[in-house]
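Welcome! Take a moment to look over the structure below, and then we can walk through a few of its features together.

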Amino acid sequence: MPETSSGRSVRVVLVADPGLPSEIARALAPRLPDHLRRAVRARVRWQVDTTTAPLSVSEQADVSDTAEAVRSHLDGAEWDVAIFLTDLPRRARLYPISVEVDTALRAALISLPALGVRRLRRQVRQAVVDVVRELVRTRRRPGTLR
C-alpha cells in the first residue's frame, strides 16, 4: 500500500446500486474515514470514493462476478478495498446472506435487505467498517478491475 508521511494510505471504493444503496454510500463516505480510524487504530490515511453502478448481481453471483459487472464503471480505478452495496436479496439455500468477502480480491458484497430495515444506515456503516478492518489486515497489492 502506498506510504504517506503519516503512514499507509488506504483507498476504499464504495460501489453502490442506484437508489437507496447509492444514497447510503454517498452519506457514509465523508464520515467513513473517522469511523475507520477509530476501528482500525493504525497510522492510516483513509481515502473513500463512491461510484453508482448497476451491480447486476443475482442470488448466485459472488464478489468476483460483481467486480466484473462494474468493470466499465471503474475503468482503471485502483483500490485497496472495494465494497459493493446492493439492494438485491442474496441467499444461500434458504438463508439470507448479508456480506460476502473475497480476501484475494480484497472486496466484499453487502446485501442491504439481509441487514434489515431498522437502523439500516447504521447497520451498513458497521458492516462496511467490519469488512474493511478485516481486509486491510491481509496485506497484498492494491486491487484493480482491469
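## Around Ser 22

Leaving aside residues up to four places away in sequence, Ser 22 touches Ala 16, Asp 17 and Thr 52. Bear in mind that this is a predicted model. You will find Ser 22 in helix α1, which covers residues 20-28.

Is Ser 22 buried or exposed? Its relative accessibility is 2%, and since buried means under 20%, Ser 22 counts as buried. The side chain of Ser 22 also makes a polar contact, at 2.6 Å, with the side chain of Arg 26.

## Where α2 meets α5

Two packed helices are described by the angle between their axes and the distance between the axes. Helix α2 spans residues 32-40 and helix α5 spans residues 120-137; their axes come within 10 Å and cross at roughly 55 degrees. That angle makes α2 oblique to α5, and the crossing is right-handed.

Which residues meet here? From α2 come Leu 32, His 35, Leu 36, Ala 39 and Val 40, and from α5 come Arg 125, Val 128, Val 129, Val 132, Arg 133 and Val 136. Sorted by class, this contact of α2 with α5 has eight nonpolar residues, one polar residue and two charged residues.

## The whole chain

Of its 146 residues, 42% are buried.

How do contacts span the sequence? Taking contacts between residues at least 6 apart in sequence, 74% join residues at least 24 apart.

Terms used: Residues numbered from 1 in each chain as written. Predicted model: local features only at pLDDT ≥ 70, side-chain atom pairs only at ≥ 80, totals over all residues. Heavy atoms only, no water. Helix = DSSP H or I, 4+ residues; strand = E, 2+ residues; numbered from the N terminus. Buried < 20%, exposed > 50% of the residue type's maximum accessible area, 1.4 Å probe, protein only. Polar contact = N/O pair within 3.5 Å; in protein donor to acceptor, adjacent residues only side chain to side chain. Contact = heavy atoms within 4.5 Å. Axes fitted to C-alpha atoms, helices over the stretch in contact; angles between N-to-C directions. Parallel < 35°, antiparallel > 145°, perpendicular 65-115°, else oblique. Left-handed = near helix turned anticlockwise from the far one by under 90°. Nonpolar A, V, L, I, M, F, W, Y, C, P; charged D, E, K, R; others polar.
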